[in-house]
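Here is a short note to read beside the model. Keep the structure open and follow the points in order.

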Amino acid sequence: MINGKNGGKYNINAMILCGLAFFVIAATGFCMVVNSREDARARAEIEAQKKAEEEAAAAAERAIAERAKSLSLQPGVPVGTTEEKEGEKVVYLTFDDGPSENTKTVLDILAQYDAKATFFITGQEEEYRYLIKEAYDAGHTIGLHSYTHEYDQVYASVDAYFEDLEKIGQVAEEQIGFVPCFIRFPGGSSNTVSAKYTKGIMSELVELVQKKGYQYYDWNISSGDGESGTTKEELIKNSETDKYSHVMILFHDTAAKDATVEALPHILEYYKNLGYEFRAIDRESYVVHHGVNN
């Protein structure tokens, strides 16, 4: 028989044990609730982050598609304007004849200055064609110049010109997924050498290319690097001006144009210090047209 004193002790111990058990059960339940809420919050945060990433990826894909569409050949859709926007100071750096072994260096220099440019490509240096996509992915514009760049072939007839243009368009499409709407005639629209092969061809072509959805771009400043032996100093002098608010400079991108590469940083510094912005040509850009001489 348990006496009263021991019985009271056991009852107190039992009550303590029951209290502890209740506390443990309550604490466990509380922790489970807290953990459940934290898990739910963590899951919600993960879902929200996943949704944000998916939306960002979708937005990036739309931007890529929209950019490609805006720069692509679309017959019937206007390209460019001959009206200069007031208050703007813009330089359009344009490079003909590439890609070449110098293209990568040119891209690196442009990146240093956060400058965008336009590359009017040819089909001459097949081993450097991968740089077309690299230039495009860096935010530069790809335009079409000529597949062969052989004047006697390009200007042999209107049909010959468009056959050549379609071939270089296919090269661009292979690299960036679409045919650009921007072109530059070999020699520019004002060239007279074409008359040696087909009289009046340029007068026809300037009308026909635009009817087909292209826009052609000449230049209002020539660096002079189309001539062999032009020095870095001469290139800099030729390329720098403050008389235009919209400057479109003609450069060439070939293995022989080391002087162009050397002069480029100086030219970029010059226009940067004058407050110009370096833009790639797009569908809304200012268009420079020469007078047609054939």
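1. D114 sits in the loop between α2 and β2. Helices (H or I, at least four residues) and strands (E, at least two) are DSSP runs, numbered from the N terminus. D114 has a positive phi of about 50°, although it is not a glycine. D114 is exposed, at 60% relative accessible area. Buried means under 20%, exposed over 50%, and partly exposed in between (1.4 Å probe, protein chains only).

2. A word on the source: this is a predicted model, where local features need pLDDT of at least 70, side-chain atom pairs count only at pLDDT 80 or more, and totals for chains, interfaces and linings use all residues. Residues are numbered from 1 along each chain as its sequence is written, and side-chain values use heavy atoms, with hydrogens and water left out.

3. Now look at H149, in the loop between β3 (141–146) and α4 (151–154). H149 is not a glycine, yet its phi is positive, about 60°. Is H149 buried or exposed? H149 counts as buried, because its relative accessibility is 18%.

4. Next, a cis bond. The peptide bond from G98 to P99 is cis, with omega near 0°. P99 lies in the loop between β1 (90–96) and α2 (103–112).

5. Last, E125. This residue is found in the loop between β2 (117–122) and α3 (130–137). E125 is partly exposed, with a relative accessible area of 30%.
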